[in-house]
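Welcome, and please open the model in your viewer.

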Amino acid sequence: LRNIFCQILEGLLFMKECGYSHYDIKMENILLTQNGTVKLCDFGASKTQEEVIAMINGTNIKGSTLVEGTFSYNAPEMLLDIGSLDGEKVDTWALGLLLYQCAFFKNMIDLSRVKGQSIYAMYKTYVRDNFFLSRIHRNSNQDWDDIFLDASIRPINSKLKKLLRQMLCFVPFLRFGLAQTLESDFLQGVKMKNHAMIKELFFG
């Protein structure tokens with residue numbers, strides 16, 4: 001799990017160096033070869049920060065919408081329309097949900113029952129009523145204890161718990177970025193790829 005997760009992070013950091021964020025990280029967009037190499041796919045929602053700013057300012061010329069990707073993995077700031085987005089933090093949120101899903105074999109957030117245009121109006125209510133989102137929003141130690149107790153009856157790695165809390169912070173500027181996530185205690189000791197090998201994540 002840690003090796004796969006690090007490969008995803010390295011790929012997203014490579015995208016960041018190229019000026020892009022993915023904006024649609026989810027299980028279906030992570031491919032795994034027979035030799036264990038991760039490949040990212042589906043870059044239809046990918047954007048530069050300049051493109052996002054243009055969309056917020058209403059000057060976008062590509063006809064894209066600001067909220068794209070998959071609702072269940074969208075960061076809160078995308079669905080609450082707060083007027084500012086950091087693609088790196090959006091990708092980190094989705095990656096945190098993906099890490100939870102891989103670690104505990106269950107989805108943390110399910111927005112499938114909230115469909116259509118009403119999702120924007122309903123999201124604030126959903127934050128209040130959903131077991132996980134309401135606790136992430138409050139962000140107390142007890143709330144996170146409840147989340148992990150629901151995730152598993154077995155003891156959970158303390159470094160994994162700490163990282164998930166840092167990646168799934170409701171406030172974007174307090175949320176971990178990609179580099180911080182890669183340098184976290186949970187991922188220490190995982191062998192890094194060089195940039196030539198990272199290109200395999202896209203072009204191999």
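Is W144 buried or exposed? Select W144 and see: its relative accessibility is 2%, under the 20% cut-off, so W144 counts as buried. Please keep in mind along the way that this is a predicted model.

**Stop 1: helix α7**

W144 and F148 both belong to helix α7 (residues 141-151), where they are four residues apart, about one turn of the helix. Their ring centres are 5.6 Å apart and the planes meet at 35 degrees, so this pair is tilted. F148 is buried as well, with a relative accessible area of 6%.

**Stop 2: the other ring pairs**

A search of the whole structure turns up five aromatic pairs. For another one, select W93 and F170: the ring centres lie 6.2 Å apart with the planes at 90 degrees, so the pair is edge-to-face. W93 sits in helix α4 (residues 87-104) and F170 in the loop between α8 and α9, so this contact ties together parts that are 77 residues apart in sequence. W93 counts as buried, at 0% relative accessibility, and F170 counts as buried too, at 12%.

Next, pick Y100, F104, F131 and F132, which ring pairs link into a cluster.

**Stop 3: the core**

Which residues have the most contacts inside the largest nonpolar core? Select W93, L95, F104 and M108 to see them; this core has 51 residues.

**Stop 4: the surface**

Whereas F170 counts as buried, F173 is exposed, with a relative accessible area of 67%.

**Stop 5: a charge over a ring**

What sits over the ring of Y23? You will find the charged end of K47 there, 5.2 Å from the centre of the ring.

Conventions. Residues numbered from 1 in each chain as written. Predicted model: local features only at pLDDT ≥ 70, side-chain atom pairs only at ≥ 80, totals over all residues. Heavy atoms only, no water. Buried < 20%, exposed > 50% of the residue type's maximum accessible area, 1.4 Å probe, protein only. Phe/Tyr/Trp six-rings, centres within 6.5 Å; stacked < 30°, edge-to-face > 60°. Helix = DSSP H or I, 4+ residues; strand = E, 2+ residues; numbered from the N terminus. Lys NZ or Arg CZ within 6 Å of the ring centre and 35° of its normal. Core = buried A, V, L, I, M, F, W, Y, C linked by side-chain atoms within 4.5 Å.
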